[in-house]
Amino acid sequence: MNALADDPGHETASPVGATIPMRVRDRLGLRFWLPAAWITMVVVLAATASLLPLPSPIETDFTALSNWPDRAHWFGTDQLGRDILSRAIFGARISLTVGLLAPALGLGIGMLLGMTAGYFRGRVEIVIGAAMDAVMAFPGILVVLAVTAYVGASVPLLVILLGVLTVPTFMRVARANTLVFAQHDFVLAARAMGATHWRVLSLELLPNVMIPILIYALLVVSRIIVVEGVLSFLGLSLPAPWPTWGNMIADGQVELATLPYIPFIPAALMFLTVLSINLIGERLRARTDLRGSVL
Amino acid sequence: MTSYVLRKLLRLGLVLLVVAAASFLLMNLLPGDVALALLGNEATPEAVAQVRAELGLDQPLLMRYLHWLGGFLCGDLGRSYITQVPVMESILDRLPVTIELMLLSQGLALLIAVPTGVLCAYKAGSRIDQLANAVGLFLLAAPVFILAILLMFLFALKLRWLPSTGYVPFMTDPVRNLAHLALPALAIALAEWPSLFAVLRGDMIKTLQQDYIALAKAKGLGPAFILFRHALRPSSFTLVTLSGLQIAATIAGALVVETIFGLPGIGRMLTGAVYNRDMMLVQGCVAVISVGYVLINFGVDLIYALLDPRVRQ
C-alpha cells in the first residue's frame, strides 16, 4: 500500500484501485443478484407507473369491493374497490422518493461536515461534533411528529426532516474515514507538492471516503423506508387518497381478520424491499472488509 | 468514580437545558399562530388578542421560555387547548402504560438475546448459529408495525390465544394486564432482538478467544459456568450501551404499537394530539419523552462505568 502511495501516478486512486484486480473474480452470488433484481424491478415499476396499463390507484370501483386476488386484479382490491397492485406500485414511489432523497440530503451535508471535521480537526471538529450531539440528543421520530403537527404532513417536509436527522451518523462515518485516510502517505505527498486543502479534500480524500459512506448509505436508505412506513402508517406522510405502503397497511389493518391480504400485500412488499437493500449492503460491506484485510 | 459522575452530571444538566429549549422553540418558532389555530379563521382580532394574552404569547420569546421552563421544572406544562385538562395530568395518566410496555419489551428482547447470543457465540458457525443469523436478517427487515400486525393476526385473530386490542390496568388484574401487553411487547422485542443478538454474539466470540477463558477450561470448569460467569460480563459492554440507545427505537415502536393494539399509552396520546393539533399536549409529550430519553442515556453511561472501570478515567 505504501509503495503504491509513494508513486505519484497512483495517488488519487491507490487504496481503492490497488486491490480491484485481486478481487475482480470474486462472485457476488445469488444473495446479491436476487435482491438487486427485486430492487431494480421495484424502481422501474415505480418510475414508469403512470405509463403502465394500470387501473387508477385512487378511483373507487363499487362493483369490485374487497375482491380477493384473482385474474382481473392480481393483488385483489381494497374496501373501496381500488386495485391493490396499482396502489402498491404508486405507493412504492413515495417509499423510494423519501428513502432515496432523505439519505441523499443527509449524506451531502454529513459528508461535508464530517470531512471538514476530520481533516481540519481542532476547534472546527469540536463545534461540529457538539452540534451533532445536540441533534442526536432528541429522539428523531418526535421531531418529525412535532413539526408535522404544526405545519401539516407533506412529502417534501418529510424528506427535509428525515434528511437532517441522518446528518449526524453520516458525519460520523465521514469523519472517521477522513481521519484514517488523512494519515496516509498519498495525502502527505499531495500536501508536499503544494496541493491546496480543497484539492486534497476533493481529489485525494473524497474518492476514498465516498465508498464506505455509500455502503453505509444503503443501510440508511432501508431504515428511512421503514421510518417513512411508520409515519405514513400513522397518517403523517402523503395525504389520502394517494397510496403509500404505510397507509395501505393502516387502511387494511381494520379488516385484518376477514381480508388479511389487504394489509399483508404492501407489508410483504416493504419487507422484501428492505430485506433486499440490507442484503445488498451486507454483501458490499463484506467485500470492502475483505479489501481491508488484503491491505 | 465520584469525579466521573460529577462530570457526567454537569453534562447532563447542559443537555437537559438544550433539550428543554429545543422542545420549547420547536413550538414557538414554527410558522403559524397558535391563537388563530385555536379559534379558527373567523375569529375577531379582539378574541385573538385576548387568547394571545391568556397564553402569554404577547410576551417576548425569552420571557416566555423562562416562564415555560419554570413551569416545566415544577411539573406544570400548561393545559391542553382542546380538552382543558392539565398536560402533566394527562401525561402522568398515560405514562405507566408506556413505561410498562418499554420495560417488558426491553426485558423480553434481552431475555431472548442473551441466551441466543451466548449459545451462538459458543457454537459459532454451527447450524443453529446460521439459523439464528438468518432469522435475525429477516427480522431486521421487518418493521415493528408489520411484526405487530402479523402477531395480532396469528395469535389474536386466528389462534385466539391473546386479546387483540384493549387494556386492563395492572392493579385491576395483573394476568389480563400482561395478556394485553404480551403481543405489543413481543413485537417490539422481536424488532430489537437482531441487533442485540448480533452485538453480544460478536463480543462474546472475541472474549472466548482470551487466554483466561483457556485457563478456565484448563481448570476443568463447565462450559455453562465459563460462558455465564467468566465471559458474559466482559462481553456485555456494547450490549448495555446498545440496549440504552434502543430506547429511542422503543419510543418509535411504542407510537405505532400502542396505536395498533389500542393501548392507552403516551405514544397513542401523542399521535392523537398531532392529529388534533393540540400543541400544548404535543409540546409536553415531546419535552417529557426527550428528557426521559436523555436520563436513560445518562443511566446507561453510569452502568457502563460500573461494568467497565476503564471508562471512568
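Is the crossing of H5(A) and H6(A) left-handed or right-handed? The model is a predicted one, and in it the crossing of these two helices of chain A is left-handed. To see this, select residues 84-120 of chain A for helix H5 and residues 122-136 of chain A for helix H6, which pack at an angle of about 145° with their axes 7 Å apart. Show side chains next: H5(A) brings A:Leu113, A:Thr116, A:Ala117 and A:Phe120 to the contact, and H6(A) answers with A:Gly122, A:Val124, A:Glu125, A:Ile128 and A:Met132. Coloured by class, the contact of H5(A) with H6(A) has 6 nonpolar, 2 polar and 1 charged residues.

Staying in chain A, select helix H9 (residues 185-192) together with helix H10 (residues 197-233), whose axes come within 10 Å and cross at roughly 160°. H9(A) and H10(A) are therefore roughly antiparallel to each other, and the crossing in which H9(A) passes H10(A) is right-handed. The contact of H9(A) with H10(A) divides by class into 5 nonpolar, 2 polar and 2 charged residues.

For the last stop in chain A, select A:Glu282 and A:Arg31, whose side chains meet in a salt bridge at 3.2 Å, N to O. Because A:Glu282 lies in helix H12 (residues 261-294) of chain A and A:Arg31 in helix H4 (residues 30-47) of chain A, this pair ties together parts that are 251 residues apart in sequence. Over all chains, the structure holds 4 salt bridges.

Now turn to chain B and colour by secondary structure, which comes to 13 helices and 0 strands. With the view fitted to chain B and turned along the principal axes, the C-alpha atoms fill a box of roughly 85 × 55 × 35 Å.

Within chain B, select helix H6 (residues 127-140) and helix H8 (residues 174-208), whose axes come within 8 Å and cross at roughly 135°. That angle makes H6(B) oblique to H8(B), and the crossing of the two is left-handed. From H6(B) the contact draws on B:Asp129, B:Ala132, B:Asn133, B:Val135, B:Gly136, B:Leu139 and B:Leu140, and from H8(B) on B:Leu190, B:Trp193, B:Pro194, B:Phe197 and B:Arg201. By class, the residues of the contact of H6(B) with H8(B) are 8 nonpolar, 2 polar and 2 charged.

Finally, show both chains and select the residues at the contact between them, which takes 43 residues from chain B and 36 residues from chain A. The area buried between chain B and chain A is about 3500 Å², and carbon and sulfur atoms give 82% of that area. Which three residues supply 16% of the area that chain B buries against chain A? They are B:Leu137, B:Phe145 and B:Ile149, and they supply more than any other three residues. A search for salt bridges between chain B and chain A gives a count of 0.

How values were computed. Residues are numbered from 1 along each chain as its sequence is written. Chains are lettered from A and ligands numbered from 1 in the order in which they are written. This is a predicted model: local features need pLDDT of at least 70, side-chain atom pairs count only at pLDDT 80 or more; totals for chains, interfaces and linings use all residues. Side-chain values use heavy atoms; hydrogens and water are left out. Axes are lines fitted to C-alpha atoms, for helices over the stretch in contact, and angles run from 0 to 180 degrees between N-to-C directions. Helices (H or I, at least four residues) and strands (E, at least two) are DSSP runs, numbered from the N terminus. Angles under 35 degrees count as roughly parallel, over 145 as roughly antiparallel, 65 to 115 as roughly perpendicular and the rest as oblique. A crossing is left-handed if the near helix is turned anticlockwise from the far one by less than a right angle, and right-handed if clockwise. Ala, Val, Leu, Ile, Met, Phe, Trp, Tyr, Cys and Pro count as nonpolar, Asp, Glu, Lys and Arg as charged, and the others, Gly among them, as polar. Contact means heavy atoms within 4.5 Å. Buried area is the accessible area (1.4 Å probe) that two parts lose on being put together, summed over both.
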